[in-house]
Structures are given as C-alpha cells and as structure tokens.
Amino acid sequence: MEENGPKRVIGGVLVKVLLHRRTERGMRLEEHASRCVRRGEVHELVTTDHRETAPGSRIDRVGFLGFAEITDAGVIDRGDQVWIGGHHVGTVLGFDACHFPNHYNILITAPVPVSGADLDLRPEQAVRFSYD
C-alpha cells in the first residue's frame, strides 16, 4: 500500500556557513524517516558518504555545510533532494537529534563529505528540499 502522496517543496535560506569535516563524529541516525519543520526554525546541514538507514546507525564521516532557516514549513523525508544556491548537494539520509530541541542535524548523502568551503557556500543562498 502506497503511504506517501505529493508534498510541497520545503524552502529555506542559508544563515551560516560551516567549513570543517570530521572522520569520527559519532552522530546517530534517528529512527524517524521524516521530520516536520516549521517556518523560522534553523537546522544544520551535514553531508556524509554513509548509506546505512537502520535506526541508531553511527555516522562518523561528515562535512558541515552550515545552518539553514526554514522559510516554507512542511515535511522533510529521507530521499528528498537537497539543493543550495542551485547546486544539487545530495539526498536526505535522515536526522541526528544530538542537539535537539535546539536544532536537527539533517544528514545528506553525497559521494564524499563536503563542507561549505568545498561548495563555496554563502549566507542568503536559497536552500530547497524536494522530492523529485
């Protein structure tokens, strides 16, 4: 039985760029494959080359892109495509809640972990989560 129907694109704007990478970060993948986000919330965008989606999976190899303010509330799902400033960054792997309720780490699968410096990101660039 099909569970998910169409949904809106989630928009945002980059508010802070991060420049570093880690190889032993120790994030843990949340059991939830989707999270609701509200307008005005700020969440961290993190790339990884990990592919495992089992709840509790350890995520060590990461690149930090930055923080994004949500401008269009909605639901972010595992598998959503992530775009920043017109550049395709990767696919939502899931969420780490080690800093929640302050913010979620939105984990984005990419071929290699990249940082905001690697992608030459800048504050005010548009961020988009879409299910293409």
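A residue counts as buried when its relative accessible area is under 20%, as exposed when that area is over 50%, and as partly exposed in between. The structure described here is a predicted model. A search of the whole structure finds 7 salt bridges. Three residues, Lys7, Asp77 and Asp80, are linked in a network of such bridges.

- Lysine 7 meets aspartate 77 in a salt bridge between their side chains, with an N to O distance of 2.7 Å.
- This pair links distant parts of the chain, 70 residues apart: aspartate 77 is in strand S8 (residues 74–77), and lysine 7 is in the segment before strand S1 (10–17).
- Lysine 7 also forms a salt bridge with aspartate 80, and their closest N and O atoms are 2.6 Å apart.
- Here too the partners come from distant parts of the chain, 73 residues apart, with aspartate 80 in the loop between S8 and strand S9 (81–84).

**Burial within the network**

- Aspartate 80 counts as buried because its relative accessibility is 0%.
- Aspartate 77 is buried as well, at 17% relative accessibility, which is under the 20% limit.
- Lysine 7 has a relative accessible area of 32%, so this residue is partly exposed.

**The pair of aspartate 120 and arginine 122**

- The side chains of aspartate 120 and arginine 122 form a salt bridge, with 2.7 Å from N to O.
- Aspartate 120 is partly exposed, at 46% relative accessibility.
- Arginine 122 is partly exposed too, with a relative accessible area of 48%.

Methods
Residues numbered from 1 in each chain as written. Predicted model: local features only at pLDDT ≥ 70, side-chain atom pairs only at ≥ 80, totals over all residues. Heavy atoms only, no water. Salt bridge = Lys/Arg side-chain N within 4 Å of Asp/Glu carboxyl O. Helix = DSSP H or I, 4+ residues; strand = E, 2+ residues; numbered from the N terminus. Buried < 20%, exposed > 50% of the residue type's maximum accessible area, 1.4 Å probe, protein only.
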